Amino acid sequence: MLHEVLDMIHIYSGNGKGKTTAGFGLVLRMAGYGKQIGVAKFLKDGTSGELRALRALHGVSIHATDMPKGFYFQMNEADQKKTGQAGLELFAWVQKHASAWDCIFLDEILDALHLGLLKEEALISFLQENLEREIILTGRNPSQKLMELCDYHTEMQERKHPYQKGIPARKGVEY
């Protein structure tokens, strides 16, 4: 007899394209079965194309950081501080609502950790408190501690990307 176990941690990491896309694939699959899902987008605003579609689905709650324009390393100190505060507020939103969800997608949280915007101990504590949920983490360079906690790890490896030719991110493809 098939039984349902909702207690797995997924990590999609690496420099290649597809981490967020893989996470949203799982979100879409779970939504198709009527699951309740929370999506938190760290270091990204809430304007990407997949969010437009997912907001129309019942049971999917989405929240993103209010980001200044540009990459974190291009921001001035004030914008970096604002981005850090936004990340803390987003994580607090996730913690507050986690019990209502079957699946939690923390997009780019690994990069937020790497930049020091969030404490890894807080994330690990959160993961251990929510073992009855499917949790998705994306970004680059997961720590050894997170690697030991996760049940799935898929690393996206970039072999070729239009960005290498100077082609910027395209609406509907990269965002």
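Start by selecting α3 (residues 77–97) and helix α5 (residues 120–129): α3 passes α5 in a left-handed crossing, a term used if the near helix is turned anticlockwise from the far one by less than a right angle, clockwise being right-handed. The contact is made by Phe91, Val94 and Gln95 on the α3 side and by Ala122, Leu123 and Phe126 on the α5 side, where contact means heavy atoms within 4.5 Å. Two packed helices are described by the angle between their axes and the distance between the axes. Here the angle is about 15° and the axes are 12 Å apart; axes are lines fitted to C-alpha atoms, for helices over the stretch in contact, with angles running from 0 to 180 degrees between N-to-C directions. α3 and α5 are therefore roughly parallel to each other (angles under 35 degrees; over 145 is roughly antiparallel, 65 to 115 roughly perpendicular, and the rest oblique).

A word on what you have open. This is a predicted model in which local features need pLDDT of at least 70 and side-chain atom pairs count only at pLDDT 80 or more, while totals for chains, interfaces and linings use all residues. Residues are numbered from 1 along each chain as its sequence is written, and side-chain values use heavy atoms, with hydrogens and water left out. Helices (H or I, at least four residues) and strands (E, at least two) are DSSP runs, numbered from the N terminus.

Stay on α3 and pick Lys82. Lys82 is partly exposed, at 42% relative accessible area; buried means under 20%, exposed over 50%, and partly exposed in between (1.4 Å probe, protein chains only).

Next, select Lys41 in strand β2. Is Lys41 buried or exposed? At 1% relative accessibility, Lys41 counts as buried. Leaving aside neighbours within four places in sequence, Lys41 has contacts that include Phe24, His63 and Leu90. A polar contact of 2.8 Å joins its side chain to that of Asp107 (a pair of N or O atoms within 3.5 Å; within protein, one must be able to donate a hydrogen and the other to accept it, and residues adjacent in sequence count only if both atoms are side-chain atoms).

Now widen the selection to Lys41, Lys44, Glu50, Asp107 and Glu108, which are linked in a network of salt bridges. A salt bridge is a side-chain nitrogen of Lys or Arg within 4 Å of a carboxyl oxygen of Asp or Glu, and the structure holds six. Here are two pairs to display:

- Glu50 and Lys41: their closest N and O atoms are 3.8 Å apart, and Glu50 is partly exposed at 26%.
- Lys44 and Glu108: the N to O distance is 3.4 Å. This pair links distant parts of the chain, 64 residues apart, with Lys44 in the loop between β2 (37–41) and α2 (49–54) and Glu108 in the loop between β4 (103–107) and α4 (109–114). Lys44 is partly exposed at 24%, whereas Glu108 is buried at 9%.

For another salt bridge, go to Glu132 and Arg133, at 2.1 Å from N to O. Glu132 is partly exposed at 45%, and Arg133 is buried at 8%.

Finish with backbone angles. Leu43, in the loop between β2 and α2, has a positive phi of about 60° although it is not a glycine. Asn141, also not a glycine, has a positive phi of about 55°; look for Asn141 in the loop between β5 (134–139) and α6 (144–149), where Asn141 is exposed at 56%.
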